[in-house]
Amino acid sequence: TITGVANRLWRWGSHRRWRRFARALSDPGAAQRRRLGEYLRANAETAFGRRHRFAEIDSPSAWRRRVPIRSYDELAPWIDAIGIGEVVLF
């Protein structure tokens, strides 16, 4: 059937992503730490990243200490800057 062929093509095309996802399932904490590290490296030189010293963050607990939970109003200036192209967070 067309559906069966489409499913097989989709599986073939996404095989690498599926393997990466399956590996992440074996240790979700490690996968999340890796992803956090990727975000931190990618954004270390943004204004927000410099302000919160992303380059020095090496663990989720360090992230929690450096980047506290904030309200929308506290983040609004950063969001507005993104909107006019001044800052990119992710």
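These are my notebook entries on a predicted model.

**Ground rules**

I number residues from 1 along each chain as its sequence is written. The model is predicted, so I take local features only at pLDDT of at least 70 and side-chain atom pairs only at pLDDT 80 or more, while totals for chains, interfaces and linings use all residues, and side-chain values use heavy atoms, with hydrogens and water left out.

**Entry: overall fold**

I looked up the secondary structure first. The chain has 6 helices and 0 strands. Helices (H or I, at least four residues) and strands (E, at least two) are DSSP runs, numbered from the N terminus. Along the sequence I read the pattern α-α-α-α-α-α.

Next I checked the dimensions. The radius of gyration of the chain is 19 Å, whereas a compact globule of 90 residues would have one near 12 Å. That radius is taken over C-alpha atoms, and the globule rule is 2.2 Å times the number of residues to the power 0.38. Along the principal axes, the C-alpha atoms fill a box of roughly 55 × 30 × 25 Å.

Then I looked at burial. Of the 90 residues, 24% count as buried. My classes are buried (under 20% relative accessible area), exposed (over 50%) and partly exposed (in between), with a 1.4 Å probe and protein chains only.

**Entry: surface patch**

I searched for nonpolar patches. Trp18, Phe21 and Leu25 form one on the surface, with about 360 Å² of accessible area together. Patch members have over 30% relative accessible area and no salt bridge; like charges are joined within 9 Å, nonpolar side chains (Val, Leu, Ile, Met, Phe, Trp, Tyr) within 5 Å. The areas come from the Shrake-Rupley method with a 1.4 Å probe, and for residues only the protein chains shown count as cover. I placed Trp18 in helix H2 (residues 15-26). Trp18 counts as exposed because its relative accessibility is 51%.

**Entry: salt bridges**

Side chains of opposite charge can pair when their charged atoms come close. I found 3 salt bridges in the structure. The criterion is a side-chain nitrogen of Lys or Arg within 4 Å of a carboxyl oxygen of Asp or Glu.

One joins Glu38 to Arg35, at 3.3 Å from N to O. Both residues lie in helix H3 (residues 28-43), 3 residues apart, about one turn of the helix. Glu38 is partly exposed at 39% relative accessibility. Arg35 is partly exposed too, at 43%.

The closest N and O atoms of Glu56 and Arg53 are 3.1 Å apart. Arg53 is partly exposed at 41% relative accessibility, and Glu56 is partly exposed at 48%. Arg66 meets Glu56 at 3.3 Å, N to O. This pair links distant parts of the chain: Arg66 sits in helix H5 (residues 60-66), and Glu56 sits 10 residues away in the loop between helix H4 (47-51) and H5. Arg66 counts as partly exposed, since its relative accessibility is 24%.

**Entry: aromatic rings**

My search of the whole structure gave 4 aromatic pairs. Rings of Phe, Tyr and Trp (its six-membered ring) pair if their centres lie within 6.5 Å; planes under 30 degrees apart count as stacked, over 60 as edge-to-face and the rest as tilted.

Phe48 and Trp78 make an edge-to-face pair, 4.9 Å centre to centre with 90° between the planes. They link distant parts of the chain, Phe48 in helix H4 and Trp78 in helix H6 (residues 72-83), 30 residues apart. Phe48 is buried at 7% relative accessibility. Trp78 is also buried, at 18%.

Phe54 and Trp63 form a tilted pair: 5.6 Å centre to centre, 50° between the planes. Buried or partly exposed: which is Phe54, and which is Trp63? Phe54 is buried, because its relative accessible area is 6%. Trp63 is partly exposed at 26%. Ring pairs link Phe48, Phe54, Trp63 and Trp78 into a cluster.

**Entry: side chain to backbone**

I looked up two polar contacts (N or O atoms within 3.5 Å; within protein, one able to donate a hydrogen and the other to accept it; residues adjacent in sequence count only if both atoms are side-chain atoms).

Asn43 lies in helix H3. Asn43 counts as buried, with a relative accessible area of 3%. Its side chain reaches the backbone oxygen of Tyr39 at 2.8 Å.

Ser59 is in the loop between H4 and H5. The side chain of Ser59 reaches the backbone nitrogen of Ala62 at 3.1 Å. From Ser59 to Asn43 I note 16 residues in sequence and 15 Å in space, C-alpha to C-alpha.
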